[in-house]
Amino acid sequence: MFERSKKGETALLIQPHAGGPPDDGAVEEFADLARSAGATVAHMLTARVDRPNPATLIGSGKLEEVKAAADATGADLILVNHPLSPGQERNLEKALERRVVDRTGLILDIFAQRARSHEGKLQVELAQLRHMATRLVRGWTHLERQRGGSIGLRGPGETQLETDRRLLQKRVEQLQRRLEKVEVQRTQMRRARVRSELPRVALVGYTNAGKSTLFNALTGADAYAADLLFATLDPTVRRIALPGGSVVLADTVGFVRDLPHELVAAFRSTLAEAREADLLLHVIDAADPLRDERIAQVDAVLEEIGAGEIPQLLVYNKIDRIEGAQARHDLPTDGHDHAHPKAARERVWLSARDRDGLGLLRDALGARLGLRRVSGEVQLPPGAGRLRARLHELGAVLAEHHDEHGWTLSLDLAEADAARIVAHAYGEPLRPLLLEGASAPT
Ligand SMILES: Nc1nc2c(ncn2[C@@H]2O[C@H](COP(=O)(O)OP(=O)(O)OP(=O)(O)O)[C@@H](O)[C@H]2O)c(=O)[nH]1
């Protein structure tokens with residue numbers, strides 16, 4: 001649905017900052033975002049804005065400097081790492097004679113490129129239209145047409161910009177109705193999963209940390225992973241089998257620092273996967289020099305979406321990129337380190353790409369979720385053929401004996417599977433039989 005520009009645009013980046021020196025991490029992250037949208041970064045400028053200019057955000061001297069740098073580097077797009085009002089955006093475009101896109105516009109563009117599911121596409125289109133609606137005012141210069149640019153205009157942009165507000169409003173309403181329907185379906189699916197009583201685990205983490213790669217490694221699914229930001233836009237949900245039973249694993253959207261509020265709202269149903277999880281697997285790029293900052297930024301977003309209190313297991317991924325690093329499992333430390341309050345959290349160090357350390361993660365997950373195995377003997381009446389077949393399918397049958405009363409089965413299986421199969425599919429009476437003979441958890 002969303003086409004990438006054939007030829008990458010050349011962008012000049014502006015990093016506004018107040019007081020003190022500019023934050024290098026923020027500048028680098030913004031450059032990553034720009035590249036992720038398909039732009040070539042020609043130049044970066046910082047601009048001190050202690051007292052933001054209401055018309056153009058940056059002062060007139062800086063504006064001249066930006067214009068000169070843009071001319072010298074042949075930049076055809078200006079990206080500003082700060083929210084711009086529609087008026088500021090317009091004034092800057094006029095002064096710089098180039099298209100200007102703010103941070104939210106850039107992130108929306110990336111989301112538009114990466115949306116995979118029907119719901120994800122609807123969510124992005126709605127967020128883009130809302131962002132755009134405020135900019136549809138008289139005097140729009142349509143610079144993008146003359147210059148053939150595309151960042152910030154992909155998705156619905158090309159056609160909707162030329163329509164009037166009434167049409168835009170109609171489309172917004174239509175999208176809202178469709179989304180409501182999809183959200184109802186998603187909620188029903190989630191409820192069904194809750195009823196299945198399986199523990200729910202959600203992968204969260206800074207964008208590009210390796211969530212999709214880990215999801216694929218754990219599920220064997222061939223979901224899309226790319227060395228670009230936001231490869232994951234739509235959560236993929238799968239059941240995975242652990243030694244002590246099954247859990248439901250959800251992949252979620254990659255987080256960035258200061259996720260624009262429009263996007264948090266647009267992705268509320270997607271983010272609900274994280275909010276409603278029993279445990280979060282917080283995936284971290286262990287080789288990222290800014291990894292501690294990233295952890296704090298993800299924690300801040302989790303806090304914002306109401307998932308701040310959900311227990312986490314930290315997964316330090318990409319150990320193959322750290323010399324001498326080996327897969328390992330650090331149990332949570334009891335002593336509370338005040339300088340690093342999060343230092344006490346449980347961690348697993350692994351490489352999702354090389355599938356190194358996955359066993360440690362599976363065991364840690366099982367232990368953390370209290371997954372246990374049960375074993376014992378159970379007698380099945382002759383009519384319980386389906387249950388017997390199901391138990392065989394699960395590999396739960398160690399031995400069996402058949403006589404005129406039916407089957408006597410010697411079983412070993414996950415407690416959750418036992419409870420689920422027996423209680424839900426075949427009626428309560430069989431449950432005590434199985435659990436009576438249960439051995440101590442392994
Ligand atoms: N060296 C190395 N690279 C990895 C590892 N895991 C993932 N990657 C790479 O990191 C990049 C990002 O991986 P993804 O799985 O798409 O990351 P993500 O967290 O899902 O990204 P978003 O969707 O942007 O949030 C890809 O190029 C992966 O191949 C790893 O263990 N080692």
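So, strand E5, residues 200–205, pairs with strand E8 in the parallel sense, over five bridges. If you want one spot to look for, take Val 201: its bridge partner in E8 is Leu 279. And keep in mind, as we go, that this is a predicted model.

Let's stay with E8, residues 279–285. How much of E8 is buried? Five of its seven residues are, so the strand is largely enclosed by the rest of the structure.

On to the next neighbour. E8 also pairs with strand E9, residues 312–317, and that pairing is parallel too, over six bridges. You can find it at His 282, whose bridge partner in E9 is Leu 314. Between E8 and E9 comes helix H12, residues 291–304, and the three of them make a right-handed β-α-β unit. On E11, Leu 314 stands opposite Arg 347. That's part of the parallel pairing of E9 with E11, residues 347–349, which has three bridges.

Okay, zoom out to the whole sheet. What order do the strands take? It's an open sheet of seven strands, running E6-E7-E5-E8-E9-E11-E10, with mixed pairing. E6, at 237–242, and E10, at 328–330, stand at the edges with a single partner strand each, so one side of each has no neighbour in the sheet. From one strand to the next, the twist averages 25°.

Now, what packs on this sheet? H12 does, touching E5 and E8, and its direction makes about 150° with that of E8. Helix H13, residues 358–368, packs on the sheet as well, and touches E5, E6, E7, E8, E9, E10 and E11. The direction of H13 makes about 175° with that of E9.

With strand E1, residues 10–17, it pairs in the parallel sense over four bridges. There, Ile 14 stands opposite Val 80. E3 is also joined to strand E4, residues 99–102, by four bridges, and these two run parallel. Look for Leu 79 here: its bridge partner in E4 is Val 101. To get from E3 to E4, the chain goes through helix H3, residues 86–96, in a right-handed β-α-β crossover.

One more helix: H5, residues 118–133. Its 16 residues, at 1.5 Å each, should span 22 Å, and the end C-alpha atoms are 22 Å apart, which agrees. Is it enclosed or open? Well, 12 of the 16 residues are buried, so H5 is largely enclosed by the rest of the structure. Among the buried ones are Leu 122, Val 124, Leu 126 and Leu 129, but also Glu 119, Glu 125 and His 131.

Last, the overall numbers. The protein has 16 helices and 14 strands. Of its 442 residues, 39% count as buried. And if you take the contacts with a separation of 6 or more, residues 24 or more positions apart account for 71% of them.

Terms used
Residues numbered from 1 in each chain as written. Predicted model: local features only at pLDDT ≥ 70, side-chain atom pairs only at ≥ 80, totals over all residues. Expected span 1.5 Å × (residues − 1). Buried ≥ 20, exposed ≤ 12 C-beta atoms within 10 Å, placed from the backbone. Pairing = 2+ DSSP bridges. Right-handed = clockwise from strand over helix to strand, strands pointing away. Axes fitted to C-alpha atoms, helices over the stretch in contact; angles between N-to-C directions. Contact = placed C-beta atoms within 7 Å.
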